[in-house]
Structures are given as structure tokens and as C-alpha cells.
Amino acid sequence: MPCLIDSHLHTSFSGDSDTPMEETILAAISKGLTDICFTEHLDLDYPASADCPADTFLLDIEAYHQQFVQLQEKYAGSIRLRFGLELGLQPHLTAQHRELLKEWPFDFVIGSTHVVHGQDPYYPAFYQGRREADCYREYFDCVLENINAFDRYDSFGHLDYVVRYGPTKDQYYTFEQYQDILDEILKKLALTGKALECNTGAIRCGLRELNPSLLILKRFRQLGGEFVTIGSDAHTPDRMADGFDRACEVLKQAGFSYYTIYEKRHPKFVKL
């Protein structure tokens, strides 16, 4: 497996995972990984629903950090562990996010869009009574709003996340349909020195391509994008490093020779 570093992992500190942190570490060691970065969810002002209470994606950062430090010391001779965060972006949370990131020594911060104008595209209600293409476009519009409002993250996560959950997923989805708005997003990421994540979580969702698609990654490179990160978005140990051989090949096809990992918020290149 070309890539031995997974930079997007969730454990029981995230509201949608039951996996103990130590179990994730032991699984990573057994898979031969050299480094992993925990990126627990924090989505402030998440919309409450019958399926998901509003506090589902709040994060006890103090408890998370305390356990991380203990396990980092315990496994120091076996694997390198990094302390990360997946931050759910919304424009009105900008000031809170800035203050929060000053308080904790994160190695790596993923900025993601999980909430689109008060709704999570994970749920069917987002698509009801609407054209799928309009839902996808609203999602990308929201991504642009978020990255124009906030720039303290390191890598933008699963850019076309919305296609995981649309009624037909990526059956009719093409880069060309949304190139106008995607180009604006990719230019902004490139100009501000942000990484774009290659997320293999698309595999477990049955998509034809990874998140984002090859053409989006290729376009990011054409527009001057320099940094790409690789993450499985695994919530269970069996999905860790899922499809990483494929991710490396896709990134090479897109024109990248290196992927990026972060330590103390500073990028380091790793050859593909």
C-alpha cells in the first residue's frame, strides 16, 4: 500500500462513532500504518432532528485531548499519532471557530461543510420535492460561502460530500455541470494555500469515484493547488486506510507527486 498515513479518522469522541480510540490505534498498527491523525467531529449549531439531536456533534475537547496524550505516550514506539479536528463550517460561527482554534494544540484541522442553510444533506429531507442538481448546486454554493467566511482550517474535506447521499448519488453527477462554482471554490483554496482532501469514504457509500472526483482534483492542480491530504473518513477500524492504493493512483493521475500531512498545523510532503 503506497500510503501508510491516514489523516481522517473518527472514534467514540465523535457523535457518529462507537470505536474506542485505543482500538483504532491497535488496528492501525496491525495494518502497518506509520501515522494516523484523529479528526473528531465538531459541528456547532447542528440542526436538531428526530434522528439526530442538536448536541450529537459537539465535542468534549478536554477529554479528547487528555486521552490522546495518554495514548500518544503509550504507543510512542509503535506509531505516530496526531491530534486533529474536523470542523463543520458555517459562516455565522467564524468568530467562535477562531477562538476555539487558539485554545488547543491541534496538528491538523479539516474544514467541512455538513450543514447547508440549516439542513444536513445526509438526510433525505434535504432532497425532497427538489431537483437533485439544484440540491448539489446549493451545496457547492454553501461551500464557497463557508471558505470565503473562514480560512483557519488546513484542508477542505470531502468537497463533493453531497453526492454520497443524493437520491441517485453520482449516477448523473459530472464535474462539467458545476464547473463554474467548483472553479471558484478551487481557486480560493489554491490561492489561500489550503489543501484539498482526497477522501476514500466514497467507497463505503457506493460511489464510482472518490470524494472529490478525479476531474476536480485535476482541476485543483491546474489552478495552482499544491497540497492534498488523504483520509479514509473511517468511523470503524475495518475502514481505516480503505482504498488508499486507489487514492494514490488517482492523485498521480491528477498531476500530484506528493501528498501532505500536517504537524502542529505545518504541512509536510510525502512522496506518492
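Buried here means under 20% relative accessible area, exposed means over 50%, and partly exposed covers what lies in between (1.4 Å probe, protein chains only). Phe 57, at 11% relative accessibility, therefore counts as buried.

## Ground rules

This is a predicted model, so local features need pLDDT of at least 70 and side-chain atom pairs count only at pLDDT 80 or more, while totals for chains, interfaces and linings use all residues. Residues are numbered from 1 along each chain as its sequence is written, and side-chain values use heavy atoms, with hydrogens and water left out.

Helices (H or I, at least four residues) and strands (E, at least two) are DSSP runs, numbered from the N terminus.

## The sheet

Seven strands make an open, parallel sheet, in the order E1-E2-E3-E4-E5-E6-E7; two strands pair if DSSP finds at least two bridges between them. E1 (5-9) and E7 (228-231) sit at the edges with a single partner strand each, so one side of each has no neighbour in the sheet.

Take E2 (residues 35-42) and E3 (residues 80-88): they pair in the parallel sense over eight bridges. Thr 39 stands opposite Gly 84 in E3.

## Helices on and beside it

H1 (residues 21-30) lies across E1, E2 and E3, with contact meaning heavy atoms within 4.5 Å. H1 runs at about 150° to E2; axes are lines fitted to C-alpha atoms, for helices over the stretch in contact, and angles run from 0 to 180 degrees between N-to-C directions. H3 (residues 94-103) lies across E2, E3 and E4 (108-112), at about 165° to E3.

H1 also meets H2 (residues 61-74): their axes come within 10 Å and cross at roughly 35°. From H1 come Met 21, Glu 22 and Ile 25, which meet Tyr 64, Gln 67, Phe 68, Leu 71 and Lys 74 in H2. By class that contact has five nonpolar, one polar and two charged residues (Ala, Val, Leu, Ile, Met, Phe, Trp, Tyr, Cys and Pro count as nonpolar, Asp, Glu, Lys and Arg as charged, and the others, Gly among them, as polar).

## Aromatic pairs

The whole structure holds 21 aromatic pairs. Rings of Phe, Tyr and Trp (its six-membered ring) pair if their centres lie within 6.5 Å; planes under 30 degrees apart are stacked, over 60 edge-to-face, and the rest tilted. Tyr 46 and Phe 57 have ring centres 4.9 Å apart and planes at 65°, so they're edge-to-face. Both residues are in the loop between E2 and H2, 11 residues apart. Tyr 46 is buried too, at 5% relative accessibility.

There's also one aromatic cluster whose members include Tyr 122, Tyr 136, Phe 140 and Tyr 178.
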